[in-house]
Amino acid sequence: MSDGRLLYLNENSRKFAGFNKEKSPFVIIGIPMDITSSYRPGSRFAPSSIRESAQYIEFYSIRNDVDMGEIGFNDVGDIILHPSNVEENLSRISSVISYFQESGKITISIGGEHTITAGIIKGTKREGLCLVSFDAHLDLRDEYMGYRYDHACVMRRISEYGVKIIEVGTRAVSKEEIEYAKQKGILFFTPQQIRLLGVKETARRIITSTQECKSLYISVDMDGIDPAYAPGVATPEPDGLDPTNLLDIINLIADKRVIGFDIVEVSPSYDTSGITSVLASRIILETAATVYKARSL
Ligand SMILES: [Mn+2]
């Protein structure tokens, strides 16, 4: 791999469950950026923590009847990031992502804070792109404490790139964000609505609103899940999704148009039992299996 866009890629980091299968359609990229976290920092350690926890899970997806152990992943390592320059990092992320997207790979990015998704989307072909984000927060602020490239503003920036956004698990919001969502027609689902509608109807509504999309991107902020299941996150919010519902929704909405996904905001020092990293590994496995199955049909 000698493309200049890979200058800041460190291929020597620990591999996801030891996987280094070059022929896999799935490329795993660690993006240990943790600069703008406002509450509990440490997500820079999540790529290695999630990779470690992945050693101990089964790789057969019973939901999809797909053996991901056979298909495997191509873990290409971590992006080397600047300790404080967010915009420089977003451009490094965008270079690496564009290289793998253009090579026809499905990119699985392990954060890091949610801000990385802006860099990922910058490096992705955006024509007809829709993004489904699982998150307690809307992340639609125009700026947060004077900064526009911040974890609290990431979906606002992506919406400004012209990407259609749908948010799932919403419960911690500001008035400004609700107004922006209404004004731009950004659909969001609170955990209460999902409980009342059921996962099938929720998924049906998401599918309807993504019908026109040429490609799909999925972003999983682990704080979308209830802290009872995912305690080790940067900004925990009670009253969240349960992991089975989240996986059910992904199972129903992820199809062959998915060009990539990310798992962000795990903060391993607050994950004393390690269950948040294990759950993140499981979400990676099941999402990949769903996409693999959809592409083989
Ligand atoms: Mn969040």
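The crossing of helices H8 and H9 is right-handed. The structure is a predicted model.

**Helices H8 and H9**

- Two packed helices are described by the angle between their axes and the distance between the axes.
- Helix H8 spans residues 199-209 and helix H9 spans residues 243-253; their axes come within 9 Å and cross at roughly 40°. That angle makes H8 oblique to H9.
- On the H8 side, the residues that meet H9 are Val199, Lys200, Thr202, Ala203, Ile206 and Ile207. On the H9 side they are Asn245, Asp248, Ile249, Leu252 and Ile253.
- By type, the residues of this contact of H8 with H9 divide into seven nonpolar, two polar and two charged.
- An α-helix has 3.6 residues a turn, so residues three or four places apart point the same way.

**Helices H9 and H10**

- H9 also packs with H10: the two axes come within 10 Å and cross at roughly 20°. Angles under 35 degrees count as roughly parallel, and H9 and H10 are therefore roughly parallel to each other.
- The crossing of H9 and H10 is right-handed.
- H9 contributes Pro243, Leu246, Leu247, Ile250 and Asn251 to the contact, and H10 contributes Leu279, Arg282, Ile283, Glu286, Thr287 and Thr290.
- The residues of the contact of H9 with H10 divide into six nonpolar, three polar and two charged.

**Helices H1 and H10**

- Helix H1 (residues 46-53) and helix H10 (residues 275-296) pack with their axes 8 Å apart, at an angle of about 75°. H1 and H10 are therefore roughly perpendicular to each other.
- Ser49, Ile50 and Ser53 of H1 make this contact with Ser277, Val278, Ala280, Ser281 and Ile284 of H10.
- Sorted by type, the residues of the contact of H1 with H10 are four nonpolar, four polar and no charged.

- Is H1 largely enclosed by the rest of the structure, or largely open? Six of its eight residues are buried, so H1 is largely enclosed.
- The buried residues of H1 are Ala46, Pro47, Ser49, Ile50, Arg51 and Ser53.

- Asp221 counts as buried because its relative accessibility is 3%, where buried means under 20%.
- Asp223 is also buried, at 1% relative accessibility.

- Most residues other than glycine have a negative phi, and most peptide bonds are trans.
- Asp139 is a residue other than glycine with a positive phi, near 55°. Asp139 lies in the loop between strand E7 (129-134) and helix H5 (154-160), and it counts as buried at 4% relative accessibility.
- Glu265 likewise has a positive phi, near 75°. Glu265 is found in the loop between strand E11 (258-264) and H10, and it is buried, with a relative accessible area of 2%.
- The peptide bond from Gly111 to Gly112 is cis, with omega near 15°. Gly112 lies in the loop between E6 and helix H4 (116-122).

**Distance in sequence and in space**

- Thr190 sits in the loop between strand E9 (187-189) and H7. Is Thr190 buried or exposed? Thr190 counts as buried, at 17% relative accessibility.
- Thr190 and Gly169 are 21 residues apart along the chain, and their C-alpha atoms are separated by 4.9 Å.
- Leu196 lies in helix H7 (residues 191-197) and is exposed, with a relative accessible area of 78%.
- Leu196 and Leu285 are 89 residues apart in sequence and 28 Å apart in space, C-alpha to C-alpha.

Key:
Residues are numbered from 1 along each chain as its sequence is written. This is a predicted model: local features need pLDDT of at least 70, side-chain atom pairs count only at pLDDT 80 or more; totals for chains, interfaces and linings use all residues. Side-chain values use heavy atoms; hydrogens and water are left out. Axes are lines fitted to C-alpha atoms, for helices over the stretch in contact, and angles run from 0 to 180 degrees between N-to-C directions. Helices (H or I, at least four residues) and strands (E, at least two) are DSSP runs, numbered from the N terminus. Angles under 35 degrees count as roughly parallel, over 145 as roughly antiparallel, 65 to 115 as roughly perpendicular and the rest as oblique. A crossing is left-handed if the near helix is turned anticlockwise from the far one by less than a right angle, and right-handed if clockwise. Contact means heavy atoms within 4.5 Å. Ala, Val, Leu, Ile, Met, Phe, Trp, Tyr, Cys and Pro count as nonpolar, Asp, Glu, Lys and Arg as charged, and the others, Gly among them, as polar. Buried means under 20% relative accessible area, exposed over 50%, partly exposed in between (1.4 Å probe, protein chains only).
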